[in-house]
Amino acid sequence: MQQRHLGKTGPSVSALGLGCMGMSGMYGPADRAESIATIHAALDAGITLLDTGDFYGMGHNEMLIGEALQARNRDRALISVKFGAMREPSGAWLGYDARPQAVKSFLAYTLQRLRVDHIDIYRPARLDPNVPIEETIGAIADMVKAGYVRHIGLSEGGADTIRRAAAVHPICDLQIEYSLISRGIEDAILPACRALGIGLTAYGVLSRGLISGHWSKGQAGAGDFRAHSPRFQDGNVERNLALVEALKGVAEAKGVSVAQIAIAWVAAQGDDIVPLVGARRRDRLQEALGALDVRLTREDLAAIEQAVPKGAAAGDRYAAPQMAMLDSERG
């Protein structure tokens, strides 16, 4: 498996990471046995980076990964955990808590659910508007000194927040959405990361499945949050699927799938970027792994840009109120 380094201070990881959120209900029901088999297949293929959040399924995702790792060498996996999002029993979101005492409490529960003695990369899921980022990072730094955390990351941070966090403790990577149809980070956030030597773990590289080549209108079922996402709504989804059809033409000329060319495009934007794929099944994982063998020429990149121009998508993620409040949207 190809390797990439997460920033100038972070670990070396596989060139493709596995995002495990979809295994815990966010995209509708998932098969537990198949989810664990997919994690095992990823590790066997050389994927080392497993990404989760303590609020995915209210702890379900961490326990799932913990179970999967019992049958594998834990040290072969680099576990990235987001924390701070609060939910009530119904699943409703209650906001974010990144106070220093909350940071340490969240971490204690995470270690138990994952059944490990340390977390490789620990990161606040969002900026807590009531807590200076310096205090949050300082609390994680205490946990680094205590041996419970190896590296500190950020998620959905704006350029100013990234700079302030990095002044407290080295930041190995920023996790943020980045794909052919979500390219807002290119203006200020990505340059800020590169100036500070901070890597990028890109989620949503297939735009929540929209540009996977497997999506069709009306596909979102019960419990799938995509049913409420602007990019999947009537009037928007038709325009977006037309972009996918154009991209399909480029992929077919290259002899690869739409998903593979979309993942390869993200990976081609820099050696400091590691795409995360949210495969819940082994066949989808196998398809994603094939993206690592795709070599995009200048001509390929120009054809992709023509098929899916920057800003051409309808109903970008930030049209949703809960996403518009992200710190990354304030620069």
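The sections below treat the basis of the model, its composition, a helix packing and the cysteines.

## Basis

The model is predicted: local features require pLDDT of at least 70 and side-chain atom pairs pLDDT 80 or more, while totals for chains, interfaces and linings use all residues. Numbering starts from 1 along each chain as its sequence is written, and side-chain values use heavy atoms, with hydrogens and water left out.

## Overall composition

The protein has 11 helices and 12 strands, taken as DSSP runs numbered from the N terminus (helices H or I, at least four residues; strands E, at least two). Of its 331 residues, 57% count as buried, that is, under 20% relative accessible area with a 1.4 Å probe, protein chains only.

Among contacts (heavy atoms within 4.5 Å) with a separation of 6 or more, 75% join residues 24 or more positions apart.

## Packing of helices 4 and 5

Helix 4 (residues 133-145) packs against helix 5 (residues 159-168) at about 40 degrees, with the axes 9 Å apart. Axes are lines fitted to C-alpha atoms over the stretch in contact, and angles run from 0 to 180 degrees between N-to-C directions. The pair is therefore oblique, the class left after under 35 degrees (roughly parallel), over 145 (roughly antiparallel) and 65 to 115 (roughly perpendicular).

Helix 4 contributes Ile133, Glu134, Ile137 and Gly138 to the contact, and helix 5 contributes Thr161, Arg164, Ala165 and Val168.

## Cysteines

The structure holds zero disulfides, a disulfide being a pair of cysteine sulfur atoms within 2.5 Å. Cysteine 20 is buried at 0% relative accessible area, and cysteine 172 is buried at 1%.

Key. Buried means under 20% relative accessible area, exposed over 50%, partly exposed in between (1.4 Å probe, protein chains only).
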